[in-house]
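Work through the following exercises with the sequence and the model open side by side.

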Amino acid sequence: MMAFLEFSNISKGYPGVQALANVSFTVEKGAVHGLMGENGAGKSTLIRVLSGDQAADAGNILIDGEEQKYGSVRDAFHAGVIVIHQELQLVPELTVAENLWLGRFPAKGGVIHSKTLIETVRSKLEEIGIDIDPSAKVASLSIGARQMVEIAKAVMLDARVIALDEPTSSLSSRESEILFSLIDRLKAKGTVILYVSHRLDEIFRLCDSLTVLRDGKLAAHHPQIAETTREQIISEMVGREISNVWGWRERPLGGIRLEVNGLSGPRLRHPISFSVRQGEILGFFGLIGAGRSEMARLLYGADARHQGQVTIDGVAVSPNNPKAAINAGMVLCPEDRKFDGIVQGRSIEENIAISSRRHFSPFGILSPRQEAALADRFIAKLRVRTPSRKQDIINLSGGNQQKVILGRWLSEQGIKVLVIDEPTRGIDVGAKSEIYEILYELAAGGMAIVVISSELPEVMGISDRIMVMCQGRVAANVARPDFDERSILTAALPDKNAAGTL
Amino acid sequence: MNSLKKILLGEQGLVVIFAAAFVIVSLFVPNFLTERNMLGLLQSVVTIGIVACTMMFCLASRDFDLSVGSIVAFSGMIAVMVSNATGSIPVGLLAALLCGAVVGFVNGIVIARFRINALITTLATMQIVRGLALIASDGRAVGINDPAFYQLALSRFLTVPTPIWIMLILFILFGFVLNRTVFGKNTLAIGGNPEASRLAGVNVVNMRVWIFALQGLVCGIAGILLASRITSGQPNAATGLELSVISACVLGGVSLAGGRAAMSGVIVGVLIMGIAENVMNLLNIQAFYQYVVRGLILLIAVLLDNLRSSAAGRRG
Amino acid sequence: MNSLKKILLGEQGLVVIFAAAFVIVSLFVPNFLTERNMLGLLQSVVTIGIVACTMMFCLASRDFDLSVGSIVAFSGMIAVMVSNATGSIPVGLLAALLCGAVVGFVNGIVIARFRINALITTLATMQIVRGLALIASDGRAVGINDPAFYQLALSRFLTVPTPIWIMLILFILFGFVLNRTVFGKNTLAIGGNPEASRLAGVNVVNMRVWIFALQGLVCGIAGILLASRITSGQPNAATGLELSVISACVLGGVSLAGGRAAMSGVIVGVLIMGIAENVMNLLNIQAFYQYVVRGLILLIAVLLDNLRSSAAGRRG
Amino acid sequence: ADVKIGFIVKQPEEPWFQDEWKFAGQAAKEKGFTVVKIGAEDGEKVQSAIDNLGAQGAQGFIICTPDVKLGPGIVAKAEANQLKLMTVDDRLVSADGKPLEDVPHMGISATKIGETVGQAIVDEIKKRGWDMKNVGAVRVSYDQLPTAVDRVEGAISVLKSAGFPAENIYDAPQAKTDTEAALNAATTVLNKHADVKYWVAFGLNDEAVLGAVRASESVGIPAANVIGVGIGGAESAINEFKKPAATGFFGTVIISPKRHGYETALNMYDWIANDKEPEKLTLTSGSLALRDDYEKVRKDLGIE
Ligand SMILES: Nc1ncnc2c1ncn2[C@@H]1O[C@H](COP(=O)(O)OP(=O)(O)OP(=O)(O)O)[C@@H](O)[C@H]1O
Ligand SMILES: Nc1ncnc2c1ncn2[C@@H]1O[C@H](COP(=O)(O)OP(=O)(O)OP(=O)(O)O)[C@@H](O)[C@H]1O
Ligand SMILES: O[C@@H]1[C@@H](O)[C@@H](O)CO[C@H]1O
Ligand SMILES: [Mg+2]
Ligand SMILES: [Mg+2]
């Protein structure tokens, strides 16, 4: 077979960072090619160069032997390249159908043919098995549903090359399966697929070949994925061996720390009750839209409660006030880091210190030295890849942003309850196990931890107990000894007989 | 009961609130609901209404235009001066439209291509264009030689004056453009998420330039009609227009954060501003109190709309 | 060579460009660099400079305040009227500051708690407060009974008039607050991402209310000094101040999208506006051309700054 | 039928127009008719104000127009609404700049007021025994307003013909018509000519001249070396005279809002009710008021 897509000596630098240095590799026609690497290794940058969004400082891209000289996204599209970016690129105010057609509306004399617009999308979504109303506004969809819309966009257009940057990071396993079957179909048509993911399972399930990036350089190229192993890839990525990713160990549990009684809210109609003990890690599992994130936001006071009581060590936490929750000793790492997590335009340092600085700012006057020290500590501890703590957080890679948000809360003092929604979304394998270690450490110190995750292996790997949610209700409560993939998944699936009550 | 609630809280809530207010005003303010007063009222909002059409696009794409008042004055002056100089009204009108479009185009180029903040750019062109208008006329109004020019504003069709017809046509036209054309959807997309639009292949720079040029052209139309109504080109005309137009749009639900706009809302916003003025004068409210009342009406209108939409449970 | 480039393109680039422009102007404009003219220039920017301090916070937190001009006029009136009525200047000053703060507080409550658009809200209070000032004084200037009131503006310390000192102190104070306090950092954070800030424990609603109240208070200071300078309370004072102040801030690099601000930039912005005016008068540029020149200076200043920062490779 | 007349003015916030309205109201009370007061800052507002008056059944109106060139439009609009029309303060002109003589007018020519100002300054210079060569003049200007140009040019023409050197007249353009803007503009002029000892100042109105006087104080020029003469004679000027020590604000040319407000309203009423057409042209004059005699001058003009 011949090389269909070729990267030749691609380099790209940002101030203080060489994101890509002389990267060259080839992908064959009809192949699914994996792209792996630590957070900040340069994967998204490579994809952005491919998409025509960013020009490389040096190097060429060849498709079907032809050198590509495109200078814009439009040119790349005409060359048959479609990219699904790591950060969702949808317009919330427009409908699903309009988003799918954006940039190439079906029109005659500038007037949109609205029937074509809706109908083509409807039939296409049906065909590929995505259950979303084409005339719904994207703003009304959950993140997972939005991710599916993005994916539908790539599939709808007949592209020669499709690049997917961590497409499954906010999908449930069921939706991931839909995606995988779509990829299989595209592959059969001869489309080249570049697939970025931190999930080794997926890489082995999907990919024919693989490239590993490290510090912007090509660390390894495997033309046949079958000829490598997980362990080899991990060590190529992080430069060391990681034997056991989860690393769970038995911990002594104390008395009840967090108690939740009859909690309900606008999108969580059925009251929820549970408690978490000192030192306990409680996992929440469920399918997309099961209501876990809403539960977490209600708990923390990010959204207004309808009813219910939340107490920490017997003291009630006042509703609808995140600040009060923090003061009471509870913090939340939100699932949507772009909208709820990072403070754009501000430095890493400020993003870390935003809450904890009150402990060392007498009369509201800052202590720049302590802030700097704090930032440096967590940049090192969480291995945030950045030239400086003064870097604007928006310039960090997705995974590194997530680490900074984590640093924000780890730097807080007197925290008794940590609620963490999708803790390792977009985080590389090496950092993942470090984050788990930190969670165990915090739990061992007596903290009650609530972990929400859509990755079943993760929930099973790190939780002491799992609550399964389904359509806004608690469907099961499983202790570690009884963990069983099958029964947990079954509990998470909506009951076919019961009406959708959410 | 429930269906009433639905109507009030629906998409068209502002329109409903407005209709209710209209009925109340009609009942309680003498001389309000007469044909004469209605036509007078509509004529009084012609400038704001026309300019609001394109300002809606500008705001919807997350831009901002403070130069509209100056462009209206300048193009009105040009219409009169060129008509006088050439002796041909059509040539004058063409020159005015061209002038407006050129200023708008320059705004667009500077803002979109050189990526200069829209507020500063249009604040600058607002002053430059006003200065040019003053220089061209030596600070004095320019009279119209050919009385036929007045006919633009005075002529009527089915008893309704031409300027009102033109405003209505533009309302329909731009309402259609916003909702039914690629141009309109791209405008909303740019405002909703410029980055996503760019990545989807929308030519954001060109779109923004076009929107500003269109805004300038439409200001040219408003300027011509104004000059005809006031039978002269006045370099000081339409000062402060920008704020009235922007408020009318925002009142009508156009989001300054971009991405949200509806022609029906803008029309209602324009009418609220016009009716407030009209009714205060009909009721003989003293000048100083008019300031206060005008401010309160603005506040109440957005407050009501806000109650409505937050009751409807939209996300902040 | 390289280090020159570094300085020009660095964070303080605007300051450097400004310094260069200042030197050029000093060399080529006669009478510019005299002590008298410098003091005159600084006095002419006192109102803008003082109000810009808090407007910077307002813009940095993604808000907007159009009511500043009215508050300045209103609190100046109050200072004079209450001083006259009670016979005590301190009581008058206190009343003025209180009034300013209360109006600002009301702005803040309506905007932050009732979640009404800041542009509309402050456009409304701008009119309401102006109306109140006109009503309170029946539209007339109010003279000051006690000549000691003039001393606020006329007194000097180390040959520099008091208002200039006050402005300098506020520059330093608010520069410190912005960069070195939790209040300042929270302001910037809210501007960067309000929702994320709220979830990170910043009390966004309270912060916004405080910023508006502070803005009102500072307008009160500006109003008092203005009344003292013009030796009367004038209900028509400071119209259009809002646009000048906002432009000075934006010129100085404050982002209207929030999250970016620096006191040094704002000071430079204020000075550019003042110097432009001053130099044009010194050079005897005709009134109408001044409009054009003022607009061009605005444009060139942001254009230069933009070239600089895009060369420095900041992200759009 | 009830008589209802409109009174439209160009700058409703200005004390002058407040007074005109007040006196028109007084006439209305005496004769039992209604005055509808509308502020209209530009041509467009004038148009809708006239429509509005027509809609509420007024029979005529008096207007001080924002611009005299609006003449033909105002006349046409008045006819369309069948309203009788009179002008006050500023006289309407046609497209070619000739006064519309058919429209009854009461006012004072801007140039004349300016000349009165100029004369007052010249007289006082002579009285103080200054040598005109050593005197600087601040022309506080707002050239985008035609009336303002006419006024200052009126003053300048008198100064020049009295031998005041033209090169000693310095322009201080106001960015807006308030005192602060005048103060800032004048300060620059005074500092630019720091060597000039004596100063005179004139401008559009009292506020403009006050700004120049404040500027002279802030740069330390003694009051005795300044002669500022304003126009208007409302509170801002009176406040100046009430100050315990004399300031550089030497005098103001008072024009009577009483005649302009009261008489025009009465004339219009007579025209409507008794079909008595007013004089085509009534010119009033301005009177100079000084620190010592301003109370008397005001009383003579019917204002207190
Ligand atoms: N606009 C920018 N300005 C400065 N630095 C940038 C910019 N964009 C990316 N970088 C830097 O370039 C490097 C590569 O980033 P990239 O987003 O390609 O990483 P990635 O491999 O996709 O990581 P992740 O797995 O976390 O998504 C990172 O160090 C990042 O901080
Ligand atoms: N902004 C929103 N507007 C309207 N409905 C929403 C919004 N966000 C979420 N929902 C809906 O609320 C329900 C609960 O969503 P939630 O995000 O809590 O689920 P989840 O279990 O965390 O799943 P995931 O985060 O994976 O989507 C879902 O039906 C979802 O579609
Ligand atoms: O605007 C002026 C006003 O200031 C007063 O002086 C009377 O005449 C008007 O034209
Ligand atoms: Mg990435
Ligand atoms: Mg979730």
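## Exercise 1: Domains of chain A

Chain A is divided by the domain assignment, an automatic or database one, into domain 1 (3–244), domain 2 (254–329 + 416–493) and domain 3 (343–413). This is a predicted model, in which local features need pLDDT of at least 70 and side-chain atom pairs count only at pLDDT 80 or more, whereas totals for chains, interfaces and linings use all residues. Residues are numbered from 1 along each chain as its sequence is written, chains are lettered from A and ligands numbered from 1 in the order in which they are written, and side-chain values use heavy atoms, with hydrogens and water left out.

**Task.** Describe the contact between domain 1 of chain A and domain 2 of chain A, from its extent down to its salt bridge.

**Solution.** 

Step 1. The C-alpha centres of domain 1 and domain 2 of chain A are 32 Å apart, and the contact (heavy atoms within 4.5 Å) draws 23 residues from domain 1 and 15 residues from domain 2.

Step 2. Between domain 1 and domain 2 of chain A about 1,400 Å² is buried, with carbon and sulfur atoms giving 57%; buried area is the accessible area (1.4 Å probe) that two parts lose on being put together, summed over both. On the side of domain 1, the residues that lose the most area to domain 2 are A:Asn39, A:His198 and A:Arg199, which together account for 26% of what that side buries.

Step 3. The count between domain 1 and domain 2 of chain A is 1 salt bridge, where the rule asks for a side-chain nitrogen of Lys or Arg within 4 Å of a carboxyl oxygen of Asp or Glu. A:Arg199 forms a salt bridge with A:Glu455, and the closest N and O atoms are 3.5 Å apart.

Step 4. The elements of chain A that give two or more residues to the domain 1 side are α5 (143–156), α6 (173–188) and α8 (230–238); helices here are DSSP runs (H or I, at least four residues), as strands are (E, at least two), numbered from the N terminus. By class, that side has 8 nonpolar, 9 polar and 6 charged residues, where Ala, Val, Leu, Ile, Met, Phe, Trp, Tyr, Cys and Pro count as nonpolar, Asp, Glu, Lys and Arg as charged, and the others, Gly among them, as polar.

## Exercise 2: Chain A against chain C

**Solution.** 

Step 1. The contact joins 31 residues of chain A to 25 residues of chain C, and the area buried between the two chains is about 2,100 Å², of which 56% comes from carbon and sulfur atoms. A:Arg346, A:Ile354 and A:Leu366 are the three in question, supplying 22% of the area that chain A buries against chain C.

Step 2. The rule finds 2 salt bridges across the interface of chain A and chain C. A:Arg297 forms a salt bridge with C:Glu195, with 3.5 Å between the closest N and O atoms.

Step 3. Among the helices of chain A, α11(A) gives the most to the side that touches chain C, with 4 residues. The residues of that side divide into 14 nonpolar, 9 polar and 8 charged.

## Exercise 3: Chain B against chain C

**Task.** What is the make-up of the side of chain B that touches chain C, by element and by class?

**Solution.** 

Step 1. Of the 5 pairs of chains that touch, chains B and C have the most contacts, with 40 residues of chain B in contact with 40 residues of chain C.

Step 2. About 3,500 Å² is buried between chain B and chain C, 82% of it on carbon and sulfur atoms. In chain B, the residues losing the most area to chain C are B:Ile120, B:Gln127 and B:Phe288, together 16% of what that side buries.

Step 3. The count of salt bridges between chain B and chain C is 0.

Step 4. Two or more residues come from each of α7 (118–137), α13 (241–251) and α15 (287–311) of chain B, and α7(B) gives the most, with 13 residues. By class, the side of chain B that touches chain C has 27 nonpolar, 9 polar and 4 charged residues.
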